[in-house]
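Colleague: Please show me how to read a few features of a model like this one.

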Amino acid sequence: MTVRRSDGPTDRLFEYLLRLGDDRLVLGHRTSEWSGHGPILEEDIALSNISLDLLGHASMFLRLAGQMEGEGRDEDALAYWRDERGFRNLQILELPNGDYGFTIVRLFLFSAFSHFLLERLAASSHADLAAVAAKAAKETRYHVRHAAEWVVRLGDGTEESHVRALAALDQLWPWTGEFFQADEVDRELGASGVVADLESLRAPWEALVREQFARATLQVPEVPMRMTGGRKGRHTEHLGHMLAEMQIVARSHPGAKW
Amino acid sequence: MGAGGGSRTCAEAPGQGCRLRDRRTDGPTDRQDQWPLWEVFTQPPGGGPHEHAGSVHAPDAEIALQNARDVYARRGEAVSIWVVPSESITASAPSDAGPFFDPGNDKPYRHPQFYKTPRGVKVF
């Protein structure tokens, strides 16, 4: 498919909604990979629930994106019929799950960011975006709480869980820079009060995650942030493989109904 | 998690009550790699008392609460949740059933069925 490159306000909003939708679609799919493989039944259920929440949020944002685009694409068309280069998700979210520590630390880092972002978007001057963000913000608060509690229990747990959680944090931290990388889409929509200023989310996010990592006896690494490009459709080698699996059924049976 | 909660292990001496135990994990070899069991009570929307919903495994109270929410309160079933360590519950023993519960059956005067319902009272 072709990615449109027009620059009107509606195109900006379409682009922005794709980012919101794709973040949650990709992390939701990754999280769903734990279904049936969780470390214990209750946690398997908890992660599956979180995955369903994320897919629900993705579905709402992508539906809205399709409406903004006005070319008749619904959330399914956007989820299943775009290729890797058309995806606008943060790269950190497409990385394979790794072990449970990696999964939980990533879920915590992103959910905390998502929480602050959605709370701000709930006050957007765009009524539809505000409504969807407010709905997603509620469930996201629970994701933060669940992941945060597990960060402490893994970090301050056994020697092995500490080592694994620390390795996950070391690996993941450099990817978090992308959360706050604003471009012309953020700036223009921000100027008209439609979306939040990403830079203003950094301080509250850092305060929250650093406090939690301190509780978990996990040292946040002092490392440079990675070069990224998820928002422009540049991805790691992992997204293509993930999409192949995620999209195969829809593409093998176009238009199939339950 | 077990829909019916734990089964019971009872003291040898009568009248000592029973401890709820986890039939999934408390085998003859008493596995130590499972989290403790918690009984879950949920309060339905619109008031009413908390009722036993089932049980979950969890390492501590906060996780027990979250697990209970994920297992028993995802579809609007509850507005409030209690979790209680299963081992804190003392249950009557099967051998108590006779002395505890039988006497009611042959004492019909304990049931208020001899009263006539006055006219004007709605019978449900």
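**Reading charged pairs**

Modeller: Start with Asp60(B), which counts as partly exposed at 22% relative accessibility (buried is under 20%, exposed over 50%, partly exposed in between, with a 1.4 Å probe and protein chains only). This is a predicted model, where local features need pLDDT of at least 70, side-chain atom pairs need 80 or more, and totals for chains, interfaces and linings use all residues. Residues are numbered from 1 along each chain as written, chains are lettered from A and ligands numbered from 1 in written order, and side-chain values use heavy atoms, without hydrogens or water.

Colleague: With which residue does Asp60(B) form a salt bridge?

Modeller: Side chains of opposite charge can pair when their charged atoms come close. A salt bridge needs a Lys or Arg side-chain nitrogen within 4 Å of an Asp or Glu carboxyl oxygen. Asp60(B) pairs with Arg153(A), with the closest N and O atoms 2.6 Å apart. The pair crosses between chains, from a loop of chain B to helix α5 of chain A (helices are DSSP runs of H or I, at least four residues, numbered from the N terminus).

Colleague: Is Asp183(A) buried or exposed?

Modeller: Asp183(A) is buried at 9%, while Lys232(A) is partly exposed at 33%. Salt bridges with shared partners join both to Arg19(A), Glu184(A) and Asp186(A) in one network.

Technical notes
Helix = DSSP H or I, 4+ residues; strand = E, 2+ residues; numbered from the N terminus.
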